[in-house]
Amino acid sequence: MASLTSPWLVLLVAMGCTLLATARGGSGNPTAGFERVELAAGDFQVQSPYNVPESQRFQYRNGVRTFWVHRNDKPFNTATQTNPRSNVKLRGHDYSSGVWQFEGYGYVPEGTSGASVMQIHNQEGAAHSTVLMLHVYDGVLRFYSGAAVEPDIYNRWFRLNVVHDLRASTVAVYIDGEHKFGTSVTPSESYYFKFGVYMQHHDQSSCMESRWTNVTLYTKH
């Protein structure tokens, strides 16, 4: 496998909903001036439908985490009525001050629609669950179901950086090093990051999938 920090990435993955290969380059460095946060294997907490084995909705192989769900799957536990998901909660790294950044190399295969692939989640019990969700609808990456962040997200690896400035109450989204979106957000007490697939409330495909590798957190105060 080519290094993910080199100018070109070439990767073939066969699992989940599809079999696809592609290549993609990167550009700028939104992480300049940030300090990398060390992540342990146990920090990647998988949440998947409770009625099937985790291995039928999630796979980790050769450094790539692949998540997929079907439209009629169950929630991740019996105590919730939330939509189907196969995703990771980055636990042990909740934050309440400073500037935090999520970085990951993502891939969304053609056909996936009506799914969130990355979130900044508020603390449990908050009035609003999230301050940022990136949804995919028919090949377009959107801020929730609204503003387009990236118009052509299918069938390619992309570098995603999401910067959350708590003092300014803003979020900014970068794709392949280029600033694509920014907005003010409503403050909450604390936050954490999630990524994978989480079915949304309209325009869902029968199977939803995303793949992630080299997921890293950064911070500065």
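## A pair of facing residues

Let's start at one spot: Tyr137 stands opposite Val140 in E11. This is a predicted model, so keep that in mind as you look around. Strand E10, which covers residues 130–137, pairs with strand E11, residues 140–143. The two run in the antiparallel sense, and four bridges join them.

## The sheet around them

Now zoom out. E10 and E11 belong to an open sheet of seven strands with antiparallel pairing, in the order E4-E7-E16-E9-E10-E11-E12. At its edges are strand E4 (44–47) and strand E12 (148–150), each of which pairs on one side only. From one strand to the next, the twist averages 20 degrees.

## The whole chain

How many helices and strands does the protein chain have? The count is zero helices and 17 strands. Of the 221 residues in the chain, 54% are buried. Among contacts with a separation of 6 or more, 68% are between residues 24 or more positions apart. The accessible surface comes to about 9800 Å², and carbon and sulfur atoms account for 47% of that surface.

## A serine in a loop

Next, find Ser113 in the loop between strand E8 (99–107) and strand E9 (115–122). Is Ser113 buried or exposed? Its relative accessibility is 4%, so Ser113 counts as buried, because the cut-off for buried is under 20%.

A polar atom of the Ser113 side chain lies 3.1 Å from the backbone nitrogen of Asp138. Leaving aside neighbours within four places in sequence, the contacts of Ser113 include Val136, Tyr137, Asp138 and Tyr154.

## Aromatic rings

A pair of aromatic rings is described by the distance of the centres and the angle of the planes. The count here comes to 14 aromatic pairs. In one of them, the rings of Tyr95 and Phe193 have centres 5.3 Å apart and planes at 25 degrees, so this pair is stacked. Tyr95 sits in the loop between strand E7 (85–90) and E8, while Phe193 is in strand E16, 98 residues apart. Both Tyr95 and Phe193 are buried.

The rings of Tyr107 and Trp157 have centres 5.4 Å apart and planes at 55 degrees, so that pair is tilted. Tyr107 is in strand E8 and Trp157 in strand E13, 50 residues apart. Tyr107 counts as buried at 1% relative accessibility, and Trp157 counts as buried at 2%.

Finally, ring pairs link a cluster of residues, among them Phe44, Phe58, Tyr95, Trp100, Phe193 and Trp212.

Conventions: Residues numbered from 1 in each chain as written. Predicted model: local features only at pLDDT ≥ 70, side-chain atom pairs only at ≥ 80, totals over all residues. Heavy atoms only, no water. Pairing = 2+ DSSP bridges. Axes fitted to C-alpha atoms, helices over the stretch in contact; angles between N-to-C directions. Buried < 20%, exposed > 50% of the residue type's maximum accessible area, 1.4 Å probe, protein only. Contact = heavy atoms within 4.5 Å. Areas by Shrake-Rupley, 256 points an atom, 1.4 Å probe, with all protein chains shown as cover. Polar contact = N/O pair within 3.5 Å; in protein donor to acceptor, adjacent residues only side chain to side chain. Phe/Tyr/Trp six-rings, centres within 6.5 Å; stacked < 30°, edge-to-face > 60°.
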